[in-house]
Amino acid sequence: MVFVSGLTVRGAARILLDAGLLREAIIPARDGAGDWTSDPGRLPDTRLTDATYDTRRITPGALLFCKGNFRPEYLKDADQKGLAAYVSQTDHTDRTHATGLIVTDARKAMAILSSAYWGRPQDKLTLIGITGTKGKTTTAYFTHAILNQATGGRCALLSSVDNCTDGRTRVESQLTTPDSPDLYRLMRQAVDNGMTHLV
């Protein structure tokens, strides 16, 4: 089963407005200036096809999160790649004709929109989080094994060592702590694989 998000550029702006994060939006204009608005209803109703913070992964219809030490020159080929919209604390109309969603906090916006893009997978899972200084990974593996046995193989695992979104197959983790687009994507994979629990 391939997940298809129902989130649109207009819907993303509404979510950000409801969360108190949207300062303004920029409607694309080919002359480079853009038209600023605080009304999500004026934005394109373009369906988003991906949610990423990596400009190298922009595909047609993607939503890009400009976070942290984002440099505008990263947007060099964004229009040619088909960028639909970007979320940023800064205006980038001098670099792209994509719709701009200008927010007060890019990281919060990224978390809220990533959850929405992936269909709020956290609502379909019983989540077990483990914090501490030492023993988190060991505890996670023990907990995963116990819950996997108790649920008939329907427990997923995300750790700094491996990720297991189908209850059986482990894939080496790329990051110690995944950013929200990666986290919600992995949760969506777990839900699509029939998982009921996630450690």
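**The record.** I began with UniProt, where an unreviewed entry lists residues 130–199 as "domain: Mur ligase central". UniProt positions are given in the numbering used here, feature names are shortened, and annotations may be inferred rather than shown by experiment. I checked the ends of that span: the end C-alpha atoms of residues 130–199 lie 8 Å apart, and the span is 40% helix and 16% strand.

**Ground rules.** This is a predicted model, so I kept to its limits: local features need pLDDT of at least 70, side-chain atom pairs count only at pLDDT 80 or more, and totals for chains, interfaces and linings use all residues. Residues are numbered from 1 along each chain as its sequence is written, and side-chain values use heavy atoms, with hydrogens and water left out. Helices (H or I, at least four residues) and strands (E, at least two) are DSSP runs, numbered from the N terminus.

**The five-stranded sheet.** I traced an open sheet with mixed pairing, in the order β7-β11-β8-β9-β10; two strands pair if DSSP finds at least two bridges between them. At the edges I found β7 (126–127) and β10 (171–172), each pairing on one side only. Inside, β8 (155–158) and β11 (197–198) pair in the parallel sense over two bridges, with A156 bridged to L198 in β11.

**Helices on it.** I then looked at what packs on this sheet. Helix α4 (136–150) touches β8, β9 (162–164) and β11, contact meaning heavy atoms within 4.5 Å. Its direction makes about 165° with that of β8; axes are lines fitted to C-alpha atoms, for helices over the stretch in contact, and angles run from 0 to 180 degrees between N-to-C directions. Helix α5 (180–192) touches β7, β8, β9 and β11, at about 160° to β8.

**A closer look at α5.** Just after α5, G194 takes a positive phi of about 85°.

**Around β5.** Last, I went to β5 (85–88), where A85 and V87 point one way, Y86 and S88 the other, and all are buried. Three bridges join β5 to β4 (62–65) in parallel, with L63 opposite A85. Four bridges join β5 to β6 (99–103), also parallel, and there A85 stands opposite T99.

Methods. Buried means under 20% relative accessible area, exposed over 50%, partly exposed in between (1.4 Å probe, protein chains only).
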